[in-house]
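Please read the following account with the chain open in a viewer, so that each residue can be located as it is named.

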Amino acid sequence: MNFNLNDEQRQIYEYGGQLAQSYDNVYWRDHAKRGAFPSEMFDKIAKDGFLGIMIPEEYGGSGLGMTEMALFMEGTGNHGIPLLSIVIGPCMSLPQLARNGSDFHKNELLPAACRGDIKFCFAITEAGAGSNSMKMTTMAKQKGNRFSLSGEKTFITAADVSDYCLVVARTSALDKVAKKTDGFTLFAVDLKKKGIEMQRVRISIPLTEEQWTLYFDDVDLGPEDVVGEIDNGFSILFDTLNPERIILAALCCGIGRFALNRGVEYASERNVFGQPIGAHQGVQHPMAKAYTNIEMASLMCRRAAWEFDNGLPSGESSNMAKYAAAEAGIEAVDAALQAHGGSGFTEDTGLYEMYPMVRLLRTAPVNRELCLSYIGQKVMGMPRSY
Ligand SMILES: Cc1cc2nc3c(=O)[nH]c(=O)nc-3n(C[C@H](O)[C@H](O)[C@H](O)COP(=O)(O)OP(=O)(O)OC[C@H]3O[C@@H](n4cnc5c(N)ncnc54)[C@H](O)[C@@H]3O)c2cc1C
């Protein structure tokens, strides 16, 4: 959807088509099947200047915002190239450093990350806490002006190919704080530091990024590693989590369109009862309905990104966009698959591989139920369930 974009935004949105000329969905699937990081494609994106979309020019970026980041993701998604590494680094971690990082973060790490010389991953999830991040136990104990980080984080995407990880830890234990949202601190942790180990979490879906459990054992951190204020990390956390919702919603819209384009093409050509199957409303209407839902979710993404860029509260629209886009993405891939009949399940068609990705995004990073609880409770004012 090219609605209401300026020339630069339109170019960013259309970049996916350009990228796909060298690194297309077949390239993505080949890497995803092997769990191999698509380095050549990542380097090309870096060279073309898209890693620093949300980073001010003075730190090596292009000084744009969430709108352009989401357009990039939706545009690459349109061509069946879903890259989680763009989500965790350029969208979630780097802008947080640009806003709240130390001089070292801004002047050394950001220019290197915008060039693609170093990569970032993001760690909040703990097995024992799950969606209830308040219960996390990874602790950075203060020792003078230094910290000792111990604990573990799980499902950390692309930790193996990352140089740094933006870690959310407690600096004050839950039972020592007045409010459960107090006592969090964000750290940009150099993954080469002593005391860090990682173990692969084997997941069943094709992805170009592997997932890892990170173990921190007395990792020494200094004040230069702190992002934002000590004990007050929660106040800036949603400037990372809302963009995550928006960019993944954009990705779902892109993948949904990719699938529907394939579905329409196939349904217009395949002829089994004397006319193209797309003429049957049983085939046509599910795709038309999914198309409508994708375009509506895409509009909500644009609204969420616009609010974020304009410093307005974006929780409501980010959650609605994430919820609507994941559901629409699943519906779109499913309708396109159904239109393909048996051929939808062949490797040559390459459609089925898109299903696990959109299905994943109903559950992670924030599950459907928590999006709906946010809307029902925080937006609509119904009683809290948790
Ligand atoms: C492929 C993949 C990549 C990931 N990448 C990262 C990453 O890079 N960094 C990171 O930090 N994390 C990452 N995650 C973790 C992800 O964010 C979590 O899996 C997600 O937040 C859900 O947490 P959980 O798995 O512990 O589910 P749980 O919290 O155990 O929830 C399980 C289910 O219970 C239901 N539920 C939970 N609470 C409620 C409630 N209050 N009301 C109603 N229903 C509820 C939901 O249906 C939910 O799906 C990744 C996960 C996957 C699978």
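Cys114 counts as buried because 25 C-beta neighbours lie inside 10 Å, where a residue is called buried if 20 or more other C-beta atoms lie within 10 Å of its own, exposed if 12 or fewer, and partly exposed in between, with C-beta atoms placed from the backbone. The model is a predicted one, in which local features need pLDDT of at least 70 and side-chain atom pairs count only at pLDDT 80 or more, while totals for chains, interfaces and linings use all residues. Residues are numbered from 1 along each chain as its sequence is written.

Cys114 is found in helix α6; helices (H or I, at least four residues) and strands (E, at least two) are DSSP runs numbered from the N terminus. Leaving aside residues up to four places away in sequence, Cys114 touches Leu51, Gly52, Ile55, Gly60 and Gly61, two residues being in contact if their C-beta atoms, placed from the backbone, lie within 7 Å. Tyr59 is 55 residues from Cys114 in sequence, and the C-alpha atoms of the two are 8.3 Å apart in space.

The protein chain is assigned domain 1 (7-119), domain 2 (121-233) and domain 3 (235-379), with bounds that come from an automatic or database domain assignment. The centres of domain 1 and domain 2, taken over C-alpha atoms, are separated by 23 Å, and the contact takes 25 residues from domain 1 and 20 residues from domain 2. On the domain 1 side, α2 (25-34), α5 (84-100) and α6 (103-115) each supply at least two residues, and the largest share, eight residues, comes from α5. By class, this side of domain 1 has 13 nonpolar, nine polar and three charged residues, where Ala, Val, Leu, Ile, Met, Phe, Trp, Tyr, Cys and Pro count as nonpolar, Asp, Glu, Lys and Arg as charged, and the others, Gly among them, as polar.

A helix pair can be followed next. The axes of helix α4 (residues 66-78) and helix α8 (residues 281-309) come within 8 Å and cross at roughly 150°, the axes being lines fitted to C-alpha atoms, for helices over the stretch in contact, with angles that run from 0 to 180 degrees between N-to-C directions. That crossing makes α4 roughly antiparallel to α8, because angles over 145 degrees count as roughly antiparallel. The contact is made by Met66, Thr67, Ala70 and Glu74 of α4, together with residues of α8 including Cys301, Arg302 and Trp306, and its residues divide into six nonpolar, two polar and three charged.

Which residues are closest to the ligand? They are Thr125, Gly130, Ser131, Phe155 and Glu369, among the 23 residues that surround it, a residue being near a molecule if its C-beta atom, placed from the backbone, lies within 6 Å of it. The shell draws at least three residues from each of domain 2 and domain 3, and β1 (120-123), β3 (146-157), α10 (354-363) and α11 (368-379) each supply at least two. The shell holds 13 nonpolar, nine polar and one charged residue.

Some backbone details remain. Most residues other than glycine have a negative phi, and most peptide bonds are trans. The peptide bond from Ala364 to Pro365, however, is cis, with omega near 0°, and Pro365 lies in the loop between α10 and α11. Ala158 has a positive phi of about 60°, and its place is in the loop between β3 and β4 (164-170).

Definitions and conventions: Angles under 35 degrees count as roughly parallel, over 145 as roughly antiparallel, 65 to 115 as roughly perpendicular and the rest as oblique.
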